[in-house]
Amino acid sequence: MTRLPGTAKTPGGLYAAPSLVWLSVFFLAPLAIIVAYSFLTPGALGGVEWSPTLDAYRAIANPTFGKVTVNTIIVAMGATAITMLIAIPCGYYMARSEHQNILLMLVMIPFWTNFLIRIYAWIAILGNEGFLNDLLLSLGLVDQSVRFLYNRGAVMLVLVYTYLPYAILPLYSTIDKFDFSLLEAARDLGASKMSAINRVLLPNIRGGVLTAFLFTFIPIFGAYAVPLLVGGTESYMLGNLIADELTKSRDWPLASAISMVITLVTTLGVLLLLRANGTSVLGGDDHEAAEPAGEADALGAAR
Amino acid sequence: MKKLVLLLVAVAMILPLTLSSCGGGGEKLYLFNWIYYIPDDVLEDFTKETGIEVVVDSYASNEEMYNKVVAGGAGYDIVVPSGDYVSIMIAGSLLEPIDKSRLKNFGNIDPAAIARIGFDVGNTHSVPYMMGAAGVSINTTKVSGYEHSWSIFDRPDLQGRMTMLDDMREVLGAALKSLGYSVNDADPAHLEEARLVVERWKPNLVKFDAEAFAKSFAAGEFWVVQGYAENVFLEYPEDRRAEVDFFFPKEGMPMYMDSLCILKGAKNVDQAYEFIDYILRPDVAARIADYLMLPSPNVPARALMQVQPNYEFTDLANGEFKEDLGQETLKLYNDAWRRIRVGN
């Protein structure tokens with residue numbers, strides 16, 4: 001492991017070339033265009049004119065954008081937190097289960113159906129005339145249909161549903177590698193169930209938790225379709241704002257500037273997490289980094 | 001490696017086929033049209049009659065079409081922009097002037113419709129294709145005792161059962177009309193009044209929706225929706241259509257017209273004229289109107305229609321075409337709309 005990939009006689013550089021070209025052409029180039037556009041003047045009919053200005057960033061300072069950003073952060077943080085609370089026990093159960101393959105498949109099954117169709121299914125379930133209301137009405141629990149949809153709660157519910165598999169999978173793969181005898185050791189050494197989990201399990205699966213967090217928070221922060229379809233008059237998120245600026249208001253620089261904000265917020269978040277947690281976030285070999293700490297904690301718990 | 005070779009061989013075999021199919025033989029016409037906006041059999045019959053093959057590509061919004069044309073045209077001959085985009089494209093010299101002497105059927109277009117066009121006065125660059133407007137649909141099994149007016153959105157008892165389009169021009173246009181102003185009003189004071197009207201409606205609305213409202217309206221989820229008749233009736237069960245009251249509010253409403261335009265630099269101008277003249281023929285115009293279930297702007301076509309359209313041409317009497325607002329006014333509209341959507 002002392003030799004760096006791609007140096008000397010290894011053909012690593014060659015192997016990496018396709019993905020490097022792919023990323024630079026289809027990821028960096030569009031990003032560069034977005035950065036450039038955000039500093040230009042909007043063209044009269046969409047597009048941009050080549051005179052540099054900071055107008056787009058000045059427009060972002062408008063309280064309107066602050067309000068949408070706050071709403072987006074609330075929804076994204078809330079939905080991610082709920083997702084994690086569900087995903088960690090799920091991943092734990094899957095890793096300990098004897099039917100891992102079946103459970104894994106059950107997590108994957110939603111991917112067989114188109115994402116939009118699944119959102120429409122939620123509308124069919126939760127709608128004013130939906131399945132759930134029909135049930136409640138026929139059971140006599142309510143005498144008027146309840147409005148479940150078209151509010152922030154509905155947006156969060158559907159987002160949690162959509163991104164749950166993305167959180168469960170990395171958590172499962174990390175927990176699966178966890179040596180469960182450490183938990184027994186902690187218990188033997190006097191830790192309660194909760195403290196064994198908090199002080200031994202969680203520190204050891206930190207990499208998976210952070211990966212799961214990023215996999216859910218970043219896409220939710222840029223959500224577009226879910227707030228559009230199950231959101232109400234107040235569930236406007238940054239993703240919707242970008243789409244509207246781009247297509248309806250024909251202000252491409254403003255749309256680019258808002259995209260920049262999203263990109264900056266998420267990149268900053270990732271960098272901070274990486275700094276705080278080393279390489280484990282990216283699903284690297286977190287055993288080396290985390291296990292000694294875990295053991296120390298287990299001992300600490302015992303004391 | 002063997003697989004790769006096989007793949008390459010397969011590609012090498014298919015490539016000439018696809019190339020020959022788009023480069024070979026007879027005359028061609030490249031049409032860039034709204035999706036589902038012309039029946040396939042009309043295009044097939046045109047090819048049968050004239051030998052001109054029509055290659056169709058479709059778009060879902062004016063912006064999409066416009067951006068593609070500006071980005072390099074992609075070799076289209078005819079596009080079908082809405083009124084505001086006709087004037088935008090004329091201003092950007094993207095359109096070829098229309099020589100009406102080459103269209104012997106141009107006279108079929110209703111002069112009453114032409115008289116109201118502001119986006120291309122005298123139709124120097126555009127030929128009307130279809131026109132219509134968004135209206136209000138009401139589920140009469142749930143709602144009664146209402147007027148055919150925008151004031152329906154003021155009713156708090158229908159709170160949570162009503163939607164308006166997620167469309168700045170349509171919603172602000174409705175509010176402007178309810179105040180007696182033009183849908184293209186550029187006066188900031190009038191626009192502010194209109195914004196306050198929409199803010200008054202907003203607590204009664206479930207959402208602003210242009211994508212899914214028709215499905216939910218058909219499911220009985222929403223009872224009052226602003227939207228295009230064709231969207232609403234496409235989703236509504238055929239046997240229960242009588243339950244739906246589709247109307248245009250008496251105060252008037254924003255209206256659209258989509259027009260056939262020849263792009264500047266089109267390679268197949270003769271074929272384009274032949275095609276436009278074909279579309280203007282009464283029997284063809286009637287088939288298109290039947291397909292879309294819309295009233296035809298083509299006067300002799302109306303007698304030939306076999307399907308009852310969703311509304312009549314005369315119903316559009318109170319409508320006003322949406323014109324391009326210009327950059328300054330557009331900004332005012334954008335700001336008002338953003339405040340409405342975001343909640344100040």
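**A walk through the two chains**

Guide: Let's start inside chain B, where 13 residues of domain 1 are in contact with 8 residues of domain 2. Keep in mind that this is a predicted model.

Visitor: Which elements of chain B each supply at least two residues of the domain 1 side that touches domain 2?

Guide: Those are helix H4 and strand E4 (127–139) of chain B. H4(B) gives the most to that side, with 4 residues.

Visitor: And how many residues on that side are nonpolar, polar or charged?

Guide: The domain 1 side has 8 nonpolar, 4 polar and 1 charged residues.

Visitor: OK, zooming out. How many helices and strands does chain B have?

Guide: Chain B comes to 13 helices and 10 strands. Its radius of gyration is 22 Å, close to the 20 Å that the globule rule gives for 344 residues, so chain B is as compact as a globular protein of that length. The C-alpha atoms fill a box of roughly 65 × 60 × 45 Å along the principal axes.

Visitor: What share of chain B is buried?

Guide: Buried residues make up 44% of its 344 residues. As for contacts in chain B with a separation of 6 or more, 75% of them come from residues 24 or more positions apart.

Visitor: Let's pick a helix. Which residues are buried in helix H3 of chain B?

Guide: In H3(B), residues 62–70, the buried ones are B:Asn62, B:Met65, B:Tyr66 and B:Val69. Seen down the helix axis, they fall within an arc of 95°, so they line one face of H3(B).

Visitor: Why would residues spaced like that point the same way?

Guide: An α-helix has 3.6 residues a turn, so residues three or four places apart point the same way.

Visitor: What do the buried residues of H3(B) pack against?

Guide: They pack against strands E1 (28–34), E2 (53–59) and E3 (78–79), plus helix H4 (83–91), of chain B. Just after H3(B) comes B:Gly72, with a positive phi of about 150°.

Visitor: Switching topic: which residues have the most contacts inside the largest nonpolar core?

Guide: That core has 159 residues, and the ones with the most contacts inside it are A:Leu159, A:Leu171, A:Val230, B:Ile78 and B:Leu172. Helix H7 of chain A (residues 152–177) gives the most to this core, with 15 residues.

Visitor: What does B:Leu172 touch?

Guide: Leaving out residues up to four places away in sequence, B:Leu172 touches B:Ala194, B:Val198, B:Tyr333, B:Ala336 and B:Trp337.

Visitor: Over to chain A, then. Is A:Phe215 buried or exposed?

Guide: A:Phe215 is buried, because 21 other C-beta atoms lie within 10 Å and 20 or more is the cut-off for buried. A:Phe215 sits in helix H10 (residues 206–221) of chain A.

Visitor: Which residues does A:Phe215 touch?

Guide: Not counting residues up to four places away in sequence, A:Phe215 touches A:Tyr166, A:Ala167 and A:Pro170. A:Pro203 is 12 residues from A:Phe215 in sequence and 19 Å away in space, C-alpha to C-alpha.

Conventions:
Residues are numbered from 1 along each chain as its sequence is written. Chains are lettered from A and ligands numbered from 1 in the order in which they are written. This is a predicted model: local features need pLDDT of at least 70, side-chain atom pairs count only at pLDDT 80 or more; totals for chains, interfaces and linings use all residues. A residue is buried if 20 or more other C-beta atoms lie within 10 Å of its own, exposed if 12 or fewer, and partly exposed in between; C-beta atoms are placed from the backbone. The arc is that of the directions from the helix axis to the C-beta atoms. Two residues are in contact if their C-beta atoms, placed from the backbone, lie within 7 Å. A nonpolar core is a set of buried Ala, Val, Leu, Ile, Met, Phe, Trp, Tyr and Cys residues joined through C-beta atoms within 7 Å. The radius of gyration is taken over C-alpha atoms; the globule rule is 2.2 Å times the number of residues to the power 0.38. Ala, Val, Leu, Ile, Met, Phe, Trp, Tyr, Cys and Pro count as nonpolar, Asp, Glu, Lys and Arg as charged, and the others, Gly among them, as polar.
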